[in-house]
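Please look over the structure shown below, and then read the report that follows.

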Amino acid sequence: MSETEPVIIVKDLVKKFGSFIANDHLSFEVYKGEIFGFLGANGAGKTTAIRILCGLSSPTSGEIMVAGYNAYNEADKIKKNIGYMSQKFSLYEDLTVTENIRLYGGIYGLSRKEIRSRTAELLEKLEIASVKDTLIRDLPLGWRQKLAFSVAIIHQPGIVFLDEPTGGVDPITRRQFWEMIYVTAHEGITVFVTTHYLDEAEYCDRVTIMTDGKIMALDTPLNLKKQFEVNTINEVFLKLARNT
Amino acid sequence: MRTILFLIQKEFLQIFRNKGMIPIIFAVPIVQLVIIVHAATFELKNVNLYVVDNDRTTTSRSIIHQFEGSHFFSLSGFSFNYSDGEESLRRNSSDAVLCIPRGFEKKLVEGQSTGFQMVVNAINGSAGGLINGYTVSMVNEFNRGLSSGRANFTLTKPKFIDLTYSFWYNPELNYTTFMVPGILVILVTVISLLLSGMNIVKEKEIGTIEQINVSPIRKYQFITGKLVPTLIIALFELSFGLVIGKIFFNIPLEGNLLLLFLSAFIYILVILGMGLMVSTFANTQQQAMFVSFFFMIVFLLMSGLFTSVENMPQWAQTLNQINPVAHFIRIIRMILLKGSGFQDIQNNLAYLLGLAFLSLSLAIRRYRKTV
């Protein structure tokens, strides 16, 4: 992990919906290859921020650089270099596993040959070869989420954004999911993940805690716990939440 | 281009995997053509006629025979009392009452002018008008027989204006010939409007559109990927409908089919643009459905499909010049029934082309903003 090379630079990001301020002067940097956790209660502004970074929404003001490109006028270039997996389920339920992989491979400009080899790789890695011709809607949620994650990085992007990827998934699958995140980060893909499971924060290299659209804390889990003199991130979070 | 192919492949997979889709594609044209064309007819046969004969003479009987003999009328009752006829009209067992007054024959023989009464149930105005028309032609025929009959006595040559009709482009005044092309237009319109609009809104509802929007897909690629399959299906529907029309109704195919398909292609683009426009405003399939139906009903009823555009008030005719359905109905009828060529329809075609360009570019513009 080279902590010196920032792949996401955000300075004074503000997003307003009318008079409501969803993101209030956010500033942070994310380094290449790290797992960057974005924590906060529901409605804290996590999803708004992630949508802005992905180019799905435009900021009201602030400087944003993602993968070396400016979010205002180089959104197209950013989109080529990132993967995204949303809160909502994002694969086509009426297509099969292989059809989904082929579609997203095609969308990201992979050649037919590459698509074929990636598909085989994926099926093996996820151990889902037996259901490759099954419609997504017939798969259990955990399998779908793992597949959706794999599909989101099928084009080997520099950064992958995961918006509450483990929502509604059982503990075992969540663990497997985090193992996949580790492998991905190890391959050099930066992982930007939002969650409201505070235990997951312990797995991140650095975490940001947001409340009411503001960043309240940003450091490694260890430093945060030291700083607030507690034993878990959960307690850190509760301390911060009480102060607001 | 490659991206578009991947998207088109996906759309076709989804469309044909949808279990309701195949029956819709094949059953809808058959049902619409076979049932609606037969049922929604303006032709009037078997008018139930109640006869009240107060004259009871040879002449009155010969008039009644004439009505009976025509295939438009069938006798539903007979009486010497007018109030019986009225009662029958009230009970809906007759559509019209023919009432011949006392002294009818006597006046005719004396060379005086006379008449009889036809009371018509005109709740349905156009049916009432038709009964009136039939009666007038019947009376004219009777008059002619009368004058030539008298001519035998007076040995003078009767003079009257002889009117001959020649019905062009639909010589047998066949209603289905007029109706089938119109139904084909409905078919193509419904399929294009609903498939295109619903489809994009569905992705919004499920949330897959987010995944598409975050990818480097360009808007024109996404939209082309959505529109091409619908276009192909709509053109297929048109061909399928034409085949059914030919087999079941033997509709004439006078003009150039290539020209017809070119016009249909342009028309479908207009409708697809509108469907797309609706989908950019609507957030749920239900909303999209309501808005689409609103426009569709206005456009279809104004289009001259069921009622002749020429009979509409001036403001409606003026308004209709922006109605794409009216233009396409005119085009399809002219090509199929009259065998019109490019020159005859070029104005309609040019308008549709302009509208296609406008609606698609507006929809694409608006679509960008919603992302």
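## Where the two chains meet

The contact between the chains takes 19 residues from chain A and 16 residues from chain B, where two residues are in contact if their C-beta atoms, placed from the backbone, lie within 7 Å. On the side of chain A that touches chain B, helix H2 (75-81) and helix H3 (97-107) of chain A each supply at least two residues; helices (H or I, at least four residues) and strands (E, at least two) are DSSP runs, numbered from the N terminus. H3(A) gives the largest share of that side, 4 residues.

By residue type, the side of chain A that touches chain B divides into 9 nonpolar, 4 polar and 6 charged residues. Here Ala, Val, Leu, Ile, Met, Phe, Trp, Tyr, Cys and Pro count as nonpolar, Asp, Glu, Lys and Arg as charged, and the others, Gly among them, as polar.

## Basis of the model

This is a predicted model, in which local features need pLDDT of at least 70 and side-chain atom pairs count only at pLDDT 80 or more, while totals for chains, interfaces and linings use all residues. Residues are numbered from 1 along each chain as its sequence is written, and chains are lettered from A and ligands numbered from 1 in the order in which they are written.

## Chain A as a whole

Chain A contains 9 helices and 10 strands. Its radius of gyration is 18 Å, close to the 18 Å that the globule rule gives for 244 residues, so chain A is as compact as a globular protein of that length; the radius is taken over C-alpha atoms, and the rule is 2.2 Å times the number of residues to the power 0.38.

## The sheet of chain A

Six strands of chain A form an open sheet with mixed pairing, in the order S6-S7-S8-S3-S9-S10, where two strands pair if DSSP finds at least two bridges between them. Its edge strands are S6 (82-85) and S10 (214-219) of chain A, each of which pairs on one side only. Within the sheet, S7 (residues 159-163) and S8 (residues 190-195) of chain A pair in the parallel sense over 5 bridges, and Asp163(A) has Thr194(A) in S8(A) as its bridge partner.

Helix H6 (residues 171-186) of chain A lies across S3 (35-40), S7 and S8 of chain A, running at about 150 degrees to S8(A). Axes are lines fitted to C-alpha atoms, for helices over the stretch in contact, and angles run from 0 to 180 degrees between N-to-C directions.
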